[in-house]
Amino acid sequence: MEQLGDSLLKLIIETSTNLPPDVRRAMARAMGEEDPKSRSGQALSVIASNIDMAAECDGPVCQDTGWPSFYVTTPIGADQLRIEDAIRQAIAEATRRGKLRPNSVDSLTGKNSGDNLGPGTPTLHFHQWRKDDEIEVKLLLKGGGCENKNIQYSLPAELAHLGRADRNLDGVRKCLLHAVWQAQGHGCSAGALGVAIGGDRVTGYEHAKLQLFRPLDDVNPDSKLRELEEYVMKVANALGIGTMGFGGTATLIGCKVGAINRLPASFFVSVAYDCWAFRRLGVVLDARTGAIRRWLYKDDRPSAPMARGEGLTSGKTISLQAPLSEAQVRSLKVGDIVLINGMLYTGRDAVHHHLMQHPSPVDLRGQILYHCGPVVLKEGSGWKINAAGPTTSMREEPYESEIIGRYGLRAVMGKGGMGPKTLAGLKQHGAVYLNAIGGAAQYYARCIEKVEGVDLLDLGIPEAIWHLRVNNFPAIVTMDAAGNSLHADVEGASAAVLKTFAEPVFV
Ligand code: SF4
């Protein structure tokens, strides 16, 4: 098994940096159906460039390199403890090389282990098969933004805009439409659903996640479930949610439904929502040497480039030089595309918690707070950004308005938009919300010229305040200082469409 460690490291790096062909095909189809000039089309164009960049430079496709879940199948009697040990070492090495972001934190203290190892991480599932010469290892890297949009329904249930979902296939249909609707913006659409009907609360979610190991373009052998999958694909893409929740047609790239038995008293529908950065690969290893015999989900051919269009810089853009003035910010309107120059300061969950209780270590007056947990590597005496896309902003909704007012921020930037409290704060204090394209970690890393400093590094690399000097960093104004919100508009409009699908279909 002398090659086991190398093989596992290759699997982790390839999964984090290069999307599999079925996902690329699904994204290409989505791009083909979206108007390239629409906001959603432009976002897809950024995403496509980002996918190419990540593959070219072997960099993480998204800065959130996700929760690693391994599914290992071994010959009977194989030394599973040795494989487990090799997986842990490979995870730590991939983290050291900046292919994975340190993503494992103590749930009570928030302390980052720094190497992606700790109680519960990575997740390892071992099974056996009767083959005696091969080991199969499958890996899913699923990010926090989309993991937060997983949802489990216990039927019967009353669903917003769809009414009662009964304990039958039509009830499941309603759950799946609702699952897509509630994920808008936050889960980095265009996304995919892994669905389990049945099981208990634990095995339901587990079986839902397992559906994400089906190729996105396979065909369900169960004709009823196939019909349901096709229906959901068609209707979800007609809700008007679009890529990143900007409005449009490219909302869902896959729907995979499985069913397992349930208790007579329970009827769970569990949904694992995955984003466009759908990182899933596998390898078959020689059980004696640990060498890779073949890849799963991909062949040896190099991936064809995906980029098309000009991204967010097509059309009229407004150049912003941070720090920003109140007058400048109040002149911005929802839909404006801005190119940021000057400084950005990162801050997400731990920074918001800190700023609510302590003074800021850096003067934020007039500045832009970027909701981002980058992948950063030490380089000599300085730092190098390896990946730096936006994180879900909504988590900061309870704090943002107060932080904007207290520290004099003129903009916050992230993905997915924020709620009414922040919208009121933007109006009161004269600030805007900027939406960067979720997951476009390589695309945005190239807009960062220099790391000029860092504060609160003891919070861990993803949570620290990084001082980033940027050049032509593009984003869209989606909430302005006049009280307008693109997110509220798309949510309202898509809810109205959702309502039209309340009548039974699968009777
Ligand atoms: S693409 Fe979005 S949801 Fe997916 S891992 Fe990246 S930030 Fe999270």
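How many Å separate the centres of domain 1 and domain 3, taken over C-alpha atoms? The separation is 28 Å. This is a predicted model, in which local features need pLDDT of at least 70 and side-chain atom pairs count only at pLDDT 80 or more, while totals for chains, interfaces and linings use all residues. Residues are numbered from 1 along each chain as its sequence is written.

**View 1. Domains of the protein chain.** An automatic or database domain assignment gives domain 1 (1-143 + 278-315), domain 2 (144-276) and domain 3 (316-490). In domain 1, 25 residues are in contact with 25 residues of domain 3 (C-beta atoms, placed from the backbone, within 7 Å). On the domain 1 side, 12 of the residues touching domain 3 are nonpolar, 10 polar and three charged. Ala, Val, Leu, Ile, Met, Phe, Trp, Tyr, Cys and Pro count as nonpolar, Asp, Glu, Lys and Arg as charged, and the others, Gly among them, as polar.

**View 2. Surroundings of the ligand.** The ligand is surrounded by 15 residues (C-beta atom, placed from the backbone, within 6 Å of it). The closest are Gly-143, Gly-145, Cys-188, Cys-275 and Gly-439. Five residues of this shell are nonpolar, nine polar and one charged.

View 3. Helices (H or I, at least four residues) and strands (E, at least two) are DSSP runs, numbered from the N terminus. Buried residues of H14 are Leu-486, His-487, Val-490, Ser-494 and Leu-498 (20 or more other C-beta atoms within 10 Å of the residue's own, with C-beta atoms placed from the backbone; exposed means 12 or fewer, partly exposed in between). Their cover includes helix H6 (169-182) and strand E20 (465-479). Exposed Gly-492, Ala-496 and Lys-499 lie on the face turned away from the buried side.

Conventions: Contact = placed C-beta atoms within 7 Å.
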